[in-house]
Amino acid sequence: MGRGRVQLKRIENKINRQVTFSKRRSGLLKKAHEISVLCDAEVALIVFSTRGKLYEYATESSMEKILERYERYSYAEKALVSTDPESQGSWCHEYSKLKAKVEAIQKSQRHLMGEQLESLNQKELQQLEQQLESSLKHIRSRKGQLMHDSISELQRKEKSLQEQNNALEKELVERQKVLTQQAHWERAQPISSSQPSFFLSTDSLPSLNIGNYQGAGAEEVEAVAQHQVPMGLPPWMLHHLNGKM
């Protein structure tokens, strides 16, 4: 008598469920390996247990390459499915809307450039004029702001350069003072060192004591004066002394 079909349902016993999972998992990984070897197929198998533990198997091309290939295939399949008549009609409607927007923008740009104004009435021309005036106002405001910023930057640079110039000028004046004082000192030093001393100390000049010889004769006074006058006196002083004697 043949074996009856086993009804598949969740195993209620936790231990039996865990044992069955372990056996079936090993068998599933074995079958995946066999089909990849026997049939030269790329196989990727991913299994998560009830506790969240990962079990995986992939052929030599690695799991990442197989999953990347699966994503490309899935995207291409979705693109083919979306080419139904209803989807094509939606794309055509969207294309028509975008085309009309582009044409309107190009037409408005030509009007702003002053081209193809024949088709505009008086009201449209007034609106275009107001739009141009508003745009011109914004442009001039932006231009004025940029000029103001540029002037402020130049003034800041001018102030910085002026401060640097003043500092350099002050330093130059101080150096010129030092050099002038040094030059005066160098010119005065050789004159004071080379100037001869014409004045002798009174201690170095011997006293003539002429008063002690008032009763002596002229010849004796002259002899004493010549004997006491030092030899280092200049000729004019000797002559003067001799005249007094």
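I looked up the exposure of Arg10 and Glu12 at the outset, and both residues are exposed (over 50% relative accessible area; under 20% is buried, and partly exposed lies in between, with a 1.4 Å probe and protein chains only). The two form a salt bridge whose closest N and O atoms are 3.4 Å apart (a salt bridge is a side-chain nitrogen of Lys or Arg within 4 Å of a carboxyl oxygen of Asp or Glu).

I note that this is a predicted model, in which local features need pLDDT of at least 70 and side-chain atom pairs count only at pLDDT 80 or more, while totals for chains, interfaces and linings use all residues. Residues are numbered from 1 along each chain as its sequence is written, and side-chain values use heavy atoms, with hydrogens and water left out.

Salt bridges. I counted five by this rule. Arg69 pairs with Glu42, with the closest N and O atoms 3.0 Å apart. Arg69 lies in helix 2 (residues 63–81) and Glu42 in the loop between helix 1 (14–38) and strand 1, so the pair ties together parts that are 27 residues apart in sequence. Helices here are DSSP runs of H or I with at least four residues, strands are runs of E with at least two, and both are numbered from the N terminus. Arg69 is partly exposed at 48% relative accessible area, and Glu42 is partly exposed at 45%. I also looked up Glu153 and Arg156, whose closest N and O atoms are 2.5 Å apart in their salt bridge. Both lie in helix 4 (residues 122–194), three residues apart, about one turn of the helix. Glu153 is partly exposed, at 32% relative accessibility.

Strands. I read the order of elements along the sequence as α-β-β-α-α-α-α-α, with six helices and two strands in the chain. Strand 1 (residues 44–48) and strand 2 pair in the antiparallel sense over five bridges (pairing requires at least two DSSP bridges between two strands). Ile46 stands opposite Glu56 in strand 2. Five residues lie between the strands of this hairpin, where Gly52 takes a positive phi near 90°.

Cysteines. I found zero disulfides in the structure (a pair of cysteine sulfur atoms within 2.5 Å). Cys39 is exposed at 54% relative accessibility, and Cys92 is partly exposed at 49%.

Whole chain. I recorded that buried residues make up 9% of the 245 residues.
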